[in-house]
Amino acid sequence: MTDFADIFLFEVLIYIACILLLWIIQSYKHGKEKRLHRWAQNTLTNILGRDTPHTKGIVSTARKRNALLDAWISLSQTILPDQLEKKRFTALATKTALDMYWIRRLRSSSIYTRSRAAYYLGYLETDRSKRALVASLKQEQKESVKLYLIHSLVTLGVSSSLPDIIDTLHGSSDRFIMRVTGLLLDFQSSFIALFPNLETRPEGEICALIVEYARLAPFKNFAAYLKRVFLDLHTDKALRLKAFECLLESYPYTINPSDFLDDPDLHIAQKACSNLANRPGKANALILLQKMRNQNHREHALHSLSLMVKTSNDVFMFLKDRLSTEQDPDQHTLLCRALAARLDYFLLHQQSDKPHIAQDIIHTVLATGQISDIITFLNTNHNATLERFVISILQSAMYSEAPWLMELQSYLSPTILQKIGIPKKPVTQQRTGTKNEYIPRIPLTIILVSIALVLPSFALYSFLQGNTSVRAVLSISFRNFLYAFSFYSMVITSFYLFLTACAYKESRRQTKLTTLKSESFLFTKNMLPSISILAPAFNEEASIIASVESLRHVLYPSVEIIVINDGSKDNTLALLIDHFSLERHEGDHQQALSTQHIRGVYKNPSIPELAVIDKVNGGKADSLNAGINLAQGEYILGIDSDSLLDRKALLSIAAAFIDEEKPVIASGGNILPINGCTINQGAIIDRRVPKQAIPLFQTIEYLRSFLNGRLGWAHLRSLMIISGAFGLFRKEEVVQVRGYLTSSERHGKDTVGEDMELVVRLARRMKDNKKSFRILYNAQATCWTEVPSTFPILRRQRERWQRGLIDILSFHRSMILNPRYGTYGLLGFPYYLLFEVIGPWLEFLGLGVFAASLAAGFVDHSLLILIITSNFLFSFALSITSLYTSERERTLFPLRDKVFLALAALAETIGFRQIVSFYRISGFVSILRKVTGWGTMTRTGFTMKRSKQ
């Protein structure tokens, strides 16, 4: 055993030395690549300035040829070269057979190589390149490679390839067809010329292409085709609805929505009803009044009629006159609700018009509970007569259980409340109902008892071997336990190294694929899905403004931002309202998910991409569900309100979807501490590691767990955790599983591990339904968040994380070792149970026995080396490996900070890691003590940090 311990120590030290050497070599290679890049730029400048390109020695190696081609692509993407420059570079490519080099690679068995070849050939305008791209497109089976081939053909302007591009759509997914449609907008004249041949083809993919093309590029010839598709009841329902929406939006004079108010498809009938708002007139107003008698259409018809009232004086006066003579009580109420859109008119003219009309409308508004306009009017009005008129109506309608009474008490000014005669009440913050975070405790008790019996079992075994003295029993049992503990440590650390190797491979793949996507390509219409960013905020006044400003500057083609104020007790909501000039808005969004009470939605017409939801406190999961109800994006992105996204983070995380053949239902990104960074106007202008010890150690921990651990799990198709600070999910799938786990929803249960639980539930549903899917983790997308800077806050955070993990393992315990769930059940769940739940107990037990053995003199040379190597040096080697792989494909921090992190990794291994393990044990125990909730997470904030510039 002595020889084994010495050999193991030697191997670990060699490994650490190799990693450090690789780090040095990596820095040298980065410098060499920069020099090659400068050479390529200078060489390209010389080539483009010559009538006859001089090629001798310039492209003698493939490395130089590719560098020169990269320089040309970079130039083409920044400054559009003129025709002479294009001609000279094409001549160079032809003379050096640069195009042939990549044409041969179109036949590679590697998907990446074929994609890369298609990408490069799109910048080589030779006849051979164009012919090769068309030929390859006809044979290609992978949608991701097809997309690169089509993009290159479009870039080269090969419009003659349009029939071949359309033929390749057979059997393609809806998302692929949408992306191709966006690319084909550059071939608009050719597409229109080809349209007569296309409209006769019966394939569903061709039909979907034409409908989407007609939406993006309206042309009169498309109208008849859209109408034919819509009127054919045998057409797919989704496509039929899409054709109808396209007709209403882009060809409004070719179809009358009132003709389809009774369509058997309820979605079409409701869409027709809503569209009438764009056609204000007495006839359509009467139609909407009639439709409001139908409960299925009432709210849509009422919303459309209200919009008509706002935009058309003729409709308004017509309905106002009709109200005076309406005898049907139900219709009278509906008219009042519609006319309430112009409540200000009736208040200002209540003396000249019939006073009872204004009274009826106010009473109707009170009955519906949508009293924002009344509150706004009373708080801003300066006419005493009008004020007395409204107050008298409120007083006459007031009773103790009026649903709108609390709204008045919360939002009216104290002066107005005093005149009404009701007291001011603080805004309701407490959730309705009790939290339900129940976790079965019997299994945890069994685990705890089993761990407690580990050491006595070793002692009993030693006693049965014939050792009778207490010292001999203790010595042998302690030594055997420490050997077993050392091998356990080696196993878990070896598995971490295996994950790191998987993460390294996945990171390289992602980096290579990222280079194939220019911003112009990603900003092509339909290329990337729309995203709704959801930012729950509870007492985040220290950082909320900087965080929202950061989100507003994120680079992405289609994004909306929804901040959810979860009953904050500080000035979070007031700061948002004041900074962004928000006004209370009566929401008309559907409540797909049940949540705590929504007090109001705030918007500013000048900032249409921003909305703020104010709600009763219900926890982070409940807030995210409230945001999902309002979200319009195809994907929803959950982010902590104290976090900042890299400007291109969304582009990176969504661009990876292009290379996936299976539907992506969720994706995560890197989380790194922002504590040491310099912030200016919501943007990070200087990335530095934290100077404080606790955030510094967490930086190492985050690099190890996020950039390596979770990326490795994603490579193994077993990712179970996507951080709530930066997690992207497909909205449709999230709604189908009833959103995040809360007591307000289907399962009647709360959890503090809502991020991991949602990922597991999504994967479980897809596996149960035998659907193919992908859950990704992107190494290129980074979110920066404030981490705890004191031990008490760190302890509350880690206890909460451990409670959430155990809760999820318990709630989904049927997945453990269940082959039905693939690697999730056979690999992911056993790992988290053995190493993340039981592991901290074994670690502390092992270190305790080690300390006792040292004190008693039971530890010899070989055992001491084995313990130190397996528990400390091996872990340090893992941290160094994580630092190396995290910087392998990108530069996160300057060189000085990298060295600082490497030195800090040793201290993190000896001390900080054991403290964190203790906090996880404390989280385990807190379940037995029935502790619930998130606890108080005090934020230092980063809004006061500014650059010196």
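In this predicted model, the axes of helix 29 (residues 544-552) and helix 30 (residues 572-580) come within 10 Å and cross at roughly 50°, where axes are lines fitted to C-alpha atoms, for helices over the stretch in contact, and angles run from 0 to 180 degrees between N-to-C directions. Helices are DSSP runs (H or I, at least four residues) numbered from the N terminus. Helix 29 and helix 30 are therefore oblique to each other, given that angles under 35 degrees count as roughly parallel, over 145 as roughly antiparallel, 65 to 115 as roughly perpendicular and the rest as oblique. Their crossing is right-handed; a crossing is right-handed if the near helix is turned clockwise from the far one by less than a right angle, and left-handed if anticlockwise. Ile544, Ile545, Val548, Glu549 and Arg552 of helix 29 make the contact with Thr572, Leu575, Leu576, His579 and Phe580 of helix 30, contact meaning heavy atoms within 4.5 Å.

Residues are numbered from 1 along each chain as its sequence is written. Local features need pLDDT of at least 70, side-chain atom pairs count only at pLDDT 80 or more, totals for chains, interfaces and linings use all residues, and side-chain values use heavy atoms, with hydrogens and water left out.

| Helix pair | Angle | Axis distance | Handedness |
|---|---|---|---|
| Helix 2 (residues 62-78) and helix 3 (residues 83-95) | about 165° | 12 Å | left-handed |
| Helix 25 (residues 442-452) and helix 40 (residues 895-928) | about 130° | 10 Å | left-handed |

Helix 2 and helix 3 are therefore roughly antiparallel to each other, and Leu68, Leu69 and Trp72 in helix 2 meet Glu85, Lys86, Phe89 and Leu92 in helix 3. For helix 25 and helix 40, the contact is made by Leu444, Thr445, Ile447 and Leu448 of helix 25 and by Phe924, Ile927 and Leu928 of helix 40.

The model also has five cavities of 30 Å³ or more, a cavity being a set of points, on a 1 Å grid over the protein atoms alone, where a 1.4 Å probe fits but cannot get out. The second largest cavity has a volume of about 40 Å³, a volume being the space filled by probe spheres set on the points. Its lining comprises 10 residues, of which Ser507, Leu707, Leu711, Thr885 and Ser886 lie nearest its centre, lining residues having an atom within 4 Å of a point. Helix 27 (470-514), helix 33 (693-715) and helix 39 (861-888) are the elements that give two or more residues to this lining.

Key:
On a 1 Å grid over the protein atoms alone, a cavity is a set of points where a 1.4 Å probe fits but cannot get out, and a pocket is an open set with protein on both sides within 12 Å along at least five of seven lines; lining residues have an atom within 4 Å of a point.
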